[in-house]
Every structure is written in structure tokens, then in C-alpha cells.
Amino acid sequence: MTKRYRITVNEQHVIEADAGVSIFDSLSRAGYRMRISCRNGVCQICKTTLLQGAIVQRYPALELCLDEGDNAAQIYACTAVPRSDIRIAIDGLLRPGELRVKKLVCDIAAIEQLSHDVYRVRLHLPVTGRQAVEFHAGQYLEIILPDQRRAAFSIGSAPDFSSDLELHIRKIPDGEMSLAIIEHLTHQPSVEIELPKGDCYLTADQLAPDTTVILAAASTGFSQIKSIAEHLLANQVANPIHIYWGARVEADFYLEKLPLQWAAEHTNVHVHFVISEPDNSPGWSGRTALLPEAIVADFEHFDHVEIFTSGSPSMVYALADACEAKGLQDTQIHSDVFAYAPRK
């Protein structure tokens, strides 16, 4: 049996490595990515810090064995091979599925008002950034104003399409930051952004054939759901997809014809509009309920279900609690809320 060693990286990631395999190749096989440029003739970019353990390095020739408490040493991941369990530190290491975060200045290609308070903004990536920038469906970016204030917005476009990024931005009349963002976008030719961010995303190759996908959005949370839905449809995913879009009143919906078009063109797509204040929507003849109530009412159980949801923390946690009562596990529900507003 081939001997195996444990590689602990940055004190948080642990992988199993076969004896005789370099640190770089072991990390690559496990889905991790790090900076390296050997093929371009640039050496030493894969510099790694050995904290503990034994390695042998082919070039430059080196043998090291560090005990806990010894001074750290610099090695090169592409030629260093573990000879025991090791602890290392690597700057800029990307986890499986993680993408490198970059800053760019984008042209503001268009801004249009979709409803009484929602604007669709299209940002055009610079030529140099179109091939270099990657994001997953469901991730977000940050707009950086000239005074360095930041605001996060879900990317409403799918990664499978053009070089334009789409944002849905609600104008809040008494919101200082909201007004500053709209002012900049409507009067300036470009804007600085940083992307991609967020761990609430879905890639088509992640889905098991028997998984039902629930995409649940409140208000402008639809932008995140739109990106995921369009990505799945672009990749011809046949899984059942249930899109729930909740709003206080009917007037808060925008682009509502788009999900209806998805449902008309794809038999696996099912769309549910829900409003929570019917008294303020006298012409509404559709469903009335709180979004979590509507979803729980439609499913007897949540076996083989994955939920991606975007909205206020109160809505997201209410949905998680309601679905948990019918068997949903924590690993089956995904939202950026869990990162920026963790519940004690």
C-alpha cells in the first residue's frame, strides 16, 4: 500500500498526500490552486513556508526536518516532497471552487429604472479583465466609491454569458449610501468594483441528478437567484427548479415576465410569486403568504433538496427554521446571510 502523509495548510486545510508526490501536485489533485509560473520560466513563485515536518527538495537540493518550535524555513512547493506529516503556510492559496478576488474599473454601460425604486445597472468589463475575471453563479461584487465607501450587490448575470455584469439596485430615499451609489452610477462614466465574493453559489456540475433546487428570493434578492437560474438553464440542467419570489406588495416585483418565460420554455422550471401584504395590493389575485410559509406548504419533506436563498436575515432564518422542522439539514440551505449576519 502506498504510504500517505497529511499536509496541513494555513492551519485550516488538511489533505492526504501520496509519498513521492510534490506538495504542489498534492494540492492540485485535491482541488487547491496556488501561484506558480514554472512553464513561463519564472521560478520561486511557489515559495512555501515549512512550519513542521520533513521534506526533501529536488531543486534547489535540500533536506529539512523541523520540529514544533523550530524556526520556519522557505521551500518550493513544485519540487518539495513530504517525508512525514507536514505543516505549511502558503499566501494566496485558493480552496476548491474559490476564485481570485480582483479590483477592476468598469464602464457603466447602461442604467435603467425597472420599477418605482429598482434600477438595473450594466457594467462593462475592461478588455484586459474579461478573460481574467471569473465568478460563480450566485456570487456578489462590491462597488467602491471614490471616497472608498463600499456596498455589496449580487451579480444578476450568469457567468456563462457576455462580458457585461448586471446588478439590481434598490434606491432607498433615506439611505445615504444608496443615494450616493445611484448618484455615482447615473453621473459618472465608470466605477471601481471588487469581485468575486461570497460562498453562496451553485455550479451545474455540483448537482446530483435527483436533487431538487429551490431558489428563494425576497425583493432584489431576485438578482442572485436570476444568476443561478440562468446558469443552470444555460447548462441544460434537467433537475426540478422551483423559484419563489416574495415581496411585500405587487408593485415591488420587477422583471416578473422573465421567470415566467423560463417556466414557459423549460418544463422543469416552476415559478411562485408570493406577496405578504395583500391589503396594500388590491389588484393582486395571486398567492398571499410569508415566503417561508409558502415553501414549507408546498413540500412534504426536503429529502434531496438544495435551497439557495437571498433576503433579509429575518426571512432567511425563518425559512431555515421552518424547513428544518420538515427534515432539512444545515448543509442543504445556502445564503450569504449566514456569513454576514451569523446567528448566535
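## Strand pairing around β14

Two strands pair if DSSP finds at least two bridges between them. In this predicted model, strand β14 covers residues 212-218. Strand β15 covers residues 241-247. The two run parallel and are joined by 6 bridges. Within this pairing, Ala 216 has Tyr 244 of β15 as its bridge partner.

β14 also pairs with strand β18, residues 305-310. Here too the strands run parallel, and 6 bridges join them. Ala 217 stands opposite Ser 310 of β18.

## Burial and crossover

How many of the 7 residues of β14 are buried? The count is 6, so the rest of the structure largely encloses this strand. Buried here means under 20% relative accessible area. Across the protein, 49% of the 344 residues count as buried.

Helix α4, residues 222-234, belongs to a β-α-β unit with β14 and β15. The unit is right-handed.

## The largest pocket

The largest pocket holds about 1300 Å³ of space. Its lining numbers 48 residues, and those closest to the centre are Thr 220, Gly 221, Ser 310, Gly 311 and Ser 312.

Which classes make up the lining of the largest pocket? There are 23 nonpolar, 19 polar and 6 charged residues. Two domains contribute at least three residues each: domain 2 (102-197) and domain 3 (204-341).

## The second largest pocket

The second largest pocket has a volume of about 240 Å³. It is lined by 20 residues. Nearest its centre lie Val 133, Glu 134, Phe 135, Pro 159 and Asp 160.

By class, this lining divides into 10 nonpolar, 6 polar and 4 charged residues.

## Overall fold content

The protein has 8 helices and 19 strands. Its C-alpha trace spans about 80 × 50 × 40 Å along the principal axes.

How values were computed: Residues are numbered from 1 along each chain as its sequence is written. This is a predicted model: local features need pLDDT of at least 70, side-chain atom pairs count only at pLDDT 80 or more; totals for chains, interfaces and linings use all residues. Side-chain values use heavy atoms; hydrogens and water are left out. On a 1 Å grid over the protein atoms alone, a cavity is a set of points where a 1.4 Å probe fits but cannot get out, and a pocket is an open set with protein on both sides within 12 Å along at least five of seven lines; lining residues have an atom within 4 Å of a point. Grid points are joined across faces, edges and corners, and a volume is the space filled by probe spheres set on the points. Ala, Val, Leu, Ile, Met, Phe, Trp, Tyr, Cys and Pro count as nonpolar, Asp, Glu, Lys and Arg as charged, and the others, Gly among them, as polar. Domain bounds come from an automatic or database domain assignment. Buried means under 20% relative accessible area, exposed over 50%, partly exposed in between (1.4 Å probe, protein chains only). Helices (H or I, at least four residues) and strands (E, at least two) are DSSP runs, numbered from the N terminus. A crossover is right-handed if, with the strands pointing away from the viewer, the path from the first strand over the helix to the second runs clockwise.
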